Amino acid sequence: ALAAIITMVVLAELGVNIGPLIAGAGVVGIAVGFGAQKLVQDVITGVFILMEDTISVGDVVNVGAHAGLVEALTIRSVRLRDLAGSVHTVPFSSVSSVINMTKDFSHFVLDVGVSYREDTDQVVEVLKEIDAEMRAEPEFAQRMIAPIEILGVDSFADSAVIVKARLKTQPIQQWTVGREFNRRMKKRFDALGIEIPFPHLTMYFGVDKEGRAPPANLRLSRAAPAAEG
């Protein structure tokens, strides 16, 4: 700044018209100001995120359109690596909210769908048994913080009754624990004959006031043979 002022004064003393130079410098200053606006916003937002310990290296976060493992943090941006291995560099000025999925501990939410004819109390007992088995094993005992939390019958879907539960784990361990729990749950349900239904449609023809349903007339016919030649 001092060199620019001295240069302008010297040129003015030499008789050079510095008016256009000053006008040009003003335009350049405005352009730099607009360009620096985003940079200042990046830095200010980044300072508060770092001061509040919202994100740390090693966390798995969702910052709007981007999600992944935090590999690096600067005062201006965060660098994420997603499951496919792609690296996303996100400036803090474009971050409107931060979802940290691995802060202090994690949860794996289970939406267990079973057939309408199944006993949901039995399903809950099976889930508790699987949880107890996993927590008794050294491999998962250090990853699972607390016993399974059964939230109960959550909803009635088109083809299934949804029982919701969640597993509390160490940070970033929810997916490893959850996948193993799902594997064991599928095997246990198969062994006990508990049906995990696939989407299907039940047709209801209705009944009259006497409780009689109208007949469902079906007509079966053979397919016409394919024309030869």
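Q: Which residue in E8 is the bridge partner of Phe-108?

A: In this predicted model, Phe-108 has Leu-167 of E8 as its bridge partner. Strands count as paired when at least two bridges are found between them. Here E6 and strand E8 (residues 161–169) are joined by 9 bridges in the antiparallel sense.

Q: In what order do the strands of the sheet lie?

A: The order is E6-E8-E7, in an open sheet of 3 strands with antiparallel pairing. Strand E6 (106–114) and strand E7 (149–156) are the edge strands, each pairing on one side only. From one strand to the next, the twist averages 25°.

Q: Which strands does helix H3 touch?

A: Helix H3 (residues 120–135) packs on the sheet and touches E6, E7 and E8, its direction making about 20° with that of E8. Helix H5 (residues 174–192) also packs on the sheet, touching E6 and E8; its direction makes about 20° with that of E6.

Q: Why is Val-10 classed as partly exposed?

A: The class between buried, under 20% relative accessible area, and exposed, over 50%, is called partly exposed. Val-10 belongs there because its relative accessible area is 43%. This residue lies in helix H1 (residues 2–13), and together with Leu-2, Ile-6, Leu-14 and Val-16 it forms a nonpolar surface patch of about 490 Å² of accessible area.

Notes
Residues are numbered from 1 along each chain as its sequence is written. This is a predicted model: local features need pLDDT of at least 70, side-chain atom pairs count only at pLDDT 80 or more; totals for chains, interfaces and linings use all residues. Side-chain values use heavy atoms; hydrogens and water are left out. Patches are made of residues with over 30% relative accessible area and no salt bridge: like charges are joined within 9 Å, nonpolar side chains (Val, Leu, Ile, Met, Phe, Trp, Tyr) within 5 Å. Accessible areas come from the Shrake-Rupley method with a 1.4 Å probe; for residues, only the protein chains shown count as cover. A salt bridge is a side-chain nitrogen of Lys or Arg within 4 Å of a carboxyl oxygen of Asp or Glu. Helices (H or I, at least four residues) and strands (E, at least two) are DSSP runs, numbered from the N terminus. Buried means under 20% relative accessible area, exposed over 50%, partly exposed in between (1.4 Å probe, protein chains only). Axes are lines fitted to C-alpha atoms, for helices over the stretch in contact, and angles run from 0 to 180 degrees between N-to-C directions. Contact means heavy atoms within 4.5 Å.
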